[in-house]
Amino acid sequence: MTTRRNLLTAAAGLAGLARAAKTDSRLSDLESRLVRRDFRGLTKEDLPTPSMILDLDLFEKNTRHMAEHSKATGLKIRPHVKVHKSVDLAKRQIGLGAIGLTTATIAESELMSGAGIKGVFWTRQPAGKNNITRAVALSKRDATFLLVVDDPIIADQLEQAAAAAGARLSVAVDVYAGLTRHGIEAGEPALQLAQKVHSSKHLRLAGLMGYSGGASHTRGFENRRKKSQGDLAGLLQSVELCKKSGLPVHFISGGSTGTYNIDPGSLTELQCGSYVFMDTGYRKIGGQTSDPVYEDFHASLTVMTTVVSKRHKNQCTIDAGNKALLRPTDEAKGMPWIQVENQGAEYGLLKWKDGDRDLRLGERVELYPTNLDMSTNVYDRYYVARGEQIVDVWPIMGRGGAAQR
Ligand SMILES: Cc1ncc(COP(=O)(O)O)c(C=O)c1O
């Protein structure tokens, strides 16, 4: 059963390509080659635009760097998939030592678990019938699935639903860590919730988590360190209270790409996500040894565009606009003199100054996106490249329709 599910999930992306190839004759040449995995001589130049390109060498460097950090510090890594929503990519993270994955939605959790990945940790509490039913069903199918609560009301509802279904759920307590969007108050309220989970017959207390989203993009390493430590203080106090009360705390989870080298000592595992790709927002936060550019991880993801019109001085039009989530803060790869502007749903504008190199009609321009989570959510696939050569295609399966959001 599990094997069949896995196979079906893995096949879904390619089946999508196959369907597209059958129904859309304009794309049949390229699409049928992709289905056959015939990448011979296929280069970035052959791709439709706008399209999303992953530089495999840089992605592997980033993933290896995080794996080495994990080995050196003992801090485990359970990377967040909201940034990439790709089973292929997640499996490579697991291959390089990740102990599981963190997810933002039940659909991402189902997708990753259905693909056979163990240790999926859903970091948003299930509220409402649909989420609770699916969380319980997933826990029954996959005993390694973990989820959070930040409210005793949801703990009660989960206990009831688990009892009715004959399931046992592994539950962590989500403690407030500076982001008002979620997390129970630290200290006594967190302790009481942990006790409630622990004493519920169909729930098992797995650990505690606290996500300091405000720290992740704080500019300057010292500022970021202070912000992260301040935000996590309540979480650590709650952990101590739980331990003193004899509660099992198997893990303390949190952290981000911006704080991965700040949090050892506070957390036992990291939920970093963006490090695999990086974006222009993250590159500006400054590193411990590099400021103002954050150089710990490399920008491996770009949006490939084409110059489609050039009738005015010092500017040209590209075929990526609002629908492709173009932003004025995007940056052109290898062309630091270029300024990006939105022009409409399907169009973007690139501008430069007198004396800068003119772009040519038909020229390809790769843009570093500003916010990875948003950009990857509007594309169907990563074209995976080594240099100019396309070597693979990974479907972004986590965005394939409402049920998979
Ligand atoms: C709960 C949670 N954990 C971890 C992350 C990953 O953070 P980053 O992509 O900054 O590494 C996010 C990102 O928004 C998040 O919401």
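Which helix holds Val-239? I looked that up before anything else, bearing in mind that I'm working with a predicted model. Val-239 turns out to sit in helix H10, which covers residues 221-244.

**Entry: Val-239**

Leaving out residues up to four places away in sequence, I found Val-239 touching Leu-208, Val-249 and Ile-252. I also took a C-alpha to C-alpha distance from Val-239 to Ala-194: they are 9.7 Å apart in space and 45 residues apart in sequence.

**Entry: Ser-253**

Next I went to Ser-253, which I found in strand S8, residues 252-254. Is Ser-253 buried or exposed? Ser-253 is buried, because its relative accessibility is 0%. I then looked for a partner for its side chain, and there is one: a polar contact of 2.8 Å links it to the side chain of Gln-271. Beyond residues up to four places away in sequence, Ser-253 touches Phe-121, Leu-208, Met-209, Gly-210, Leu-235, Leu-267, Glu-269 and Gln-271.

**Entry: the ligand**

Gln-271 came up again when I turned to the ligand. I counted 13 residues around the ligand, and those that come nearest are Lys-82, Thr-257, Gln-271, Ser-274 and Tyr-282. Sorted by class, this shell has 8 polar, 3 nonpolar and 2 charged residues.

Then I went through some distances to oxygen atoms of the ligand. For Tyr-282, a side-chain N or O atom is 2.4 Å from a ligand oxygen. For Arg-181, a polar side-chain atom lies 2.8 Å from a ligand oxygen. For Tyr-211, I wrote down 3.3 Å, again from a polar side-chain atom to an oxygen of the ligand. How much of the ligand's accessible area does the protein cover? The ligand has 400 Å² on its own, and the protein covers 92% of that.

**Entry: Met-52**

I moved on to Met-52, in strand S1, residues 51-55. Met-52 is buried, because its relative accessibility is 0%. Its contacts, not counting residues up to four places away in sequence, include Leu-301, Thr-302, Val-303, Tyr-379, Tyr-382 and Ile-396.

**Entry: Gln-125**

Where does Gln-125 lie? I found Gln-125 in the loop between strand S4 (120-122) and helix H6 (129-141). Its side chain reaches the backbone nitrogen of Asp-150 at 2.7 Å, and that of Asp-151 at 3.4 Å. Both aspartates are on its contact list, along with Val-148, Val-149 and Ile-154, once residues up to four places away in sequence are set aside.

**Entry: the cores**

Last, I looked at the nonpolar cores. The largest one has 89 residues, and Met-112, Leu-169, Val-173, Phe-277, Leu-350, Leu-359 and Tyr-382 have the most contacts inside it. Helix H8, residues 188-199, gives the largest share of this core, with 5 residues. I also noted a second, separate core of 11 residues, with Leu-34, Phe-39, Ile-53 and Met-304 among them.

Apart from residues up to four places away in sequence, Leu-350 touches several others, including Asn-314, Cys-316, Ile-338, Val-340, Leu-359 and Leu-367.

Definitions and conventions:
Residues numbered from 1 in each chain as written. Predicted model: local features only at pLDDT ≥ 70, side-chain atom pairs only at ≥ 80, totals over all residues. Heavy atoms only, no water. Core = buried A, V, L, I, M, F, W, Y, C linked by side-chain atoms within 4.5 Å. Buried < 20%, exposed > 50% of the residue type's maximum accessible area, 1.4 Å probe, protein only. Helix = DSSP H or I, 4+ residues; strand = E, 2+ residues; numbered from the N terminus. Contact = heavy atoms within 4.5 Å. Near = heavy atom within 4 Å. Polar contact = N/O pair within 3.5 Å; in protein donor to acceptor, adjacent residues only side chain to side chain. Areas by Shrake-Rupley, 256 points an atom, 1.4 Å probe, with all protein chains shown as cover. Nonpolar A, V, L, I, M, F, W, Y, C, P; charged D, E, K, R; others polar.
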